[in-house]
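Open the model in a viewer and keep the sequence panel beside it. The stops below say what to select next and what is there.

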Amino acid sequence: MKADTHPDYHFITVARPDGSTFQTRSTYGKEGDTLALDIDPTTHPAWTGGNAQLLDRGGRVSRFNNKFGGFIKK
């Protein structure tokens with residue numbers, strides 16, 4: 001195996017917006033650095049699978065349905 005091909009994993013501190021922190025191993029920065037998150041993964045819908053609803057007020061979905069609605073058999 002070639003030398004110096006693997007990344008340097010070390011411990012960093014991750015700081016959430018709510019003030020809580022935890023330690024993990026990462027290739028980010030240097031040993032002991034702090035990674036400050038802008039978005040809290042415990043509350044953001046992208047991670048929690050939130051109740052995303054499609055709101056379309058005459059936009060792309062409506063134009064698509066108007067253009068291709070005749071092709072769909074009901």
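Predicted model: local features only at pLDDT ≥ 70, side-chain atom pairs only at ≥ 80, totals over all residues.

Where is the place of aspartate 4? Aspartate 4 sits in the segment before β1.

Residues are numbered from 1 along each chain as its sequence is written, and side-chain values use heavy atoms, with hydrogens and water left out.

**Stop 1: aspartate 4**

Keep aspartate 4 selected. Its phi is near 60°, a positive value in a residue other than glycine. Most residues other than glycine have a negative phi. Aspartate 4 counts as exposed because its relative accessibility is 80%; the cut-offs are under 20% relative accessible area for buried, over 50% for exposed, and partly exposed in between, with a 1.4 Å probe and protein chains only.

**Stop 2: the whole chain**

Now select everything. The protein chain has 2 helices and 3 strands, and from the N terminus on they follow the order β-β-β-α-α. Of its 74 residues, 11% count as buried. The chain exposes about 6,800 Å², and carbon and sulfur atoms supply 53% of that area. Accessible areas come from the Shrake-Rupley method with a 1.4 Å probe, and for residues only the protein chains shown count as cover. Among contacts (heavy atoms within 4.5 Å) with a separation of 6 or more, 5% are between residues 24 or more positions apart.

**Stop 3: the sheet**

Select the strands. They form an open sheet of 3 strands in the order β2-β1-β3, with mixed pairing. β2 (21-26) and β3 (34-36) are at the edges and have a single partner strand each, so one side of each is left without a neighbour in the sheet. On average, neighbouring strands of this sheet are turned by 35° against each other, direction ignored; the axes behind this angle are lines fitted to C-alpha atoms, for helices over the stretch in contact, and angles run from 0 to 180 degrees between N-to-C directions.

Two strands pair if DSSP finds at least two bridges between them. Strands of a sheet pair through backbone hydrogen bonds, either parallel or antiparallel. β1 and β2 run antiparallel and are joined by 6 bridges. Here isoleucine 12 stands opposite threonine 24 in β2, and alanine 15 has threonine 21 as its bridge partner in β2. Between β1 and β2 lie 5 residues, and the two strands form a hairpin. Click on glycine 19 in the turn: its phi is positive, about 100°.

Valine 14 has leucine 35 as its bridge partner in β3, and alanine 15 has alanine 36.

**Stop 4: histidine 10**

Select β1 alone. This strand is mostly covered, with 5 of its 6 residues buried. Leaving aside neighbours within four places in sequence, histidine 10 is in contact with residues including Thr24, Tyr28 and Glu31. Histidine 10 and glutamate 31 are 21 residues apart in sequence, and their C-alpha atoms are 5.4 Å apart in space.

**Stop 5: isoleucine 39**

Move to the loop between β3 and α1 (45-48), where isoleucine 39 lies. Isoleucine 39 counts as partly exposed because its relative accessibility is 40%. Not counting residues up to four places away in sequence, isoleucine 39 touches Pro17, His44 and Trp47. Proline 17 is 22 residues from isoleucine 39 in sequence and 6.8 Å away in space, C-alpha to C-alpha.

**Stop 6: phenylalanine 71**

Last, select phenylalanine 71, which lies in the segment after α2 (60-68). Phenylalanine 71 has a relative accessible area of 66% and is therefore exposed.

Definitions and conventions. Helix = DSSP H or I, 4+ residues; strand = E, 2+ residues; numbered from the N terminus.
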